[in-house]
Amino acid sequence: TLPDGSKVWLNAGSTLTFPLNLVYNKERRIEITGEAYLEVTKGTMHPFRVSTNHQLIKVLGTHFNVNNYTEDHIVKTTLLEGSLKMRTLGKEAISSEDVILKAGQQGIIEEGNINIVRADTAEVLAWKNGLFICKNESLESIMKRISRWYDVDVVYQDIDTSKEFDVKVSRFEHVSKVLSLLEKAGGVHFKMEPGKIIAMK
């Protein structure tokens with residue numbers, strides 16, 4: 001809980017930075033890396049700003065999720081309630097204009113462009129609700145999430161990492177159960193070593 005009453009949930013491998021005098025500044029500005037879900041306390045006198053490596057989000061009072069892992073090269077902002085404005089930042093930014101996001105929409109930033117799509121909010125918030133939900137998701141993307149959550153390295157041996165899987169399981173299950181579900185779907189086998197998972201045909 002931030003000093004202004006706003007609430008932030010952080011996913012694995014994520015950081016939140018904010019000034020101690022947050023409530024006294026002209027704007028409430030925080031920085032996020034990784035993934036976070038926010039419920040922002042309304043305060044029209046002090047606009048709320050979220051900075052990531054590739055975007056600036058402007059809100060007054062709303063609920064939204066930011067997925068900003070640097071190794072993914074894609075930033076996803078999903079709005080659950082209210083409205084917000086977002087713009088791209090950095091060298092790759094093609095436009096510095098604000099884009100308005102409405103509830104149920106997701107803004108995807110890739111290579112400096114913002115694309116607005118309809119969001120699967122259940123899938124987006126699965127991590128906050130203690131679940132792994134993967135729908136038509138590549139093995140590489142799934143294993144990145146497993147690597148972050150279980151704090152293990154992943155090594156690939158002669159396998160197509162673009163193969164897609166559907167998985168739904170509690171994040172609090174042992175990693176072996178998650179891997180077992182992937183194996184049952186076919187096309188992949190896993191070997192576990194201390195601090196490491198090897199994915200192979």
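Is Phe172 buried or exposed? Hold that thought for a moment, everyone, and please keep in mind that this is a predicted model. Phe172 is exposed, because its relative accessible area is 64%, and over 50% counts as exposed.

Let's look at the partner of Phe172. The ring centres of Trp149 and Phe172 lie 5.9 Å apart with the planes at 75 degrees, so this pair is edge-to-face. Trp149 belongs to helix H2, while Phe172 sits in the loop between S14 and H3, 23 residues apart, and the pair links these distant parts of the chain. Trp149 itself is partly exposed, at 29% relative accessibility.

Trp149 has another neighbour, Arg171. The charged end of Arg171 sits over the Trp149 ring, 3.6 Å from its centre. Arg171 also lies over the face of Phe132, 5.5 Å from that ring centre.

Now to helix H2, which covers residues 139–150. Its 12 residues reach 16 Å from first C-alpha to last, close to the 16 Å expected. Buried residues of H2 include Leu139, Ile142, Met143 and Ile146. The buried residues of this helix pack against several elements, among them strand S12, helix H3 and strand S16. Just after H2, Asp151 has a positive phi of about 55 degrees.

Finally, back to aromatic pairs: the structure holds three of them. One of these is Trp9 with Tyr37, whose ring centres are 5.5 Å apart with planes at 50 degrees, so the pair is tilted. Trp9 is in strand S1 and Tyr37 in strand S3, so the pair ties together parts 28 residues apart in sequence. Here Trp9 is partly exposed at 31%, whereas Tyr37 is buried at 5%.

Technical notes
Residues are numbered from 1 along each chain as its sequence is written. This is a predicted model: local features need pLDDT of at least 70, side-chain atom pairs count only at pLDDT 80 or more; totals for chains, interfaces and linings use all residues. Side-chain values use heavy atoms; hydrogens and water are left out. Helices (H or I, at least four residues) and strands (E, at least two) are DSSP runs, numbered from the N terminus. The expected span of a helix is 1.5 Å times one less than its number of residues. Buried means under 20% relative accessible area, exposed over 50%, partly exposed in between (1.4 Å probe, protein chains only). Contact means heavy atoms within 4.5 Å. Rings of Phe, Tyr and Trp (its six-membered ring) pair if their centres lie within 6.5 Å; planes under 30 degrees apart count as stacked, over 60 as edge-to-face and the rest as tilted. A charge sits over a ring if NZ of Lys or CZ of Arg is within 6 Å of the ring centre and within 35 degrees of the ring normal.
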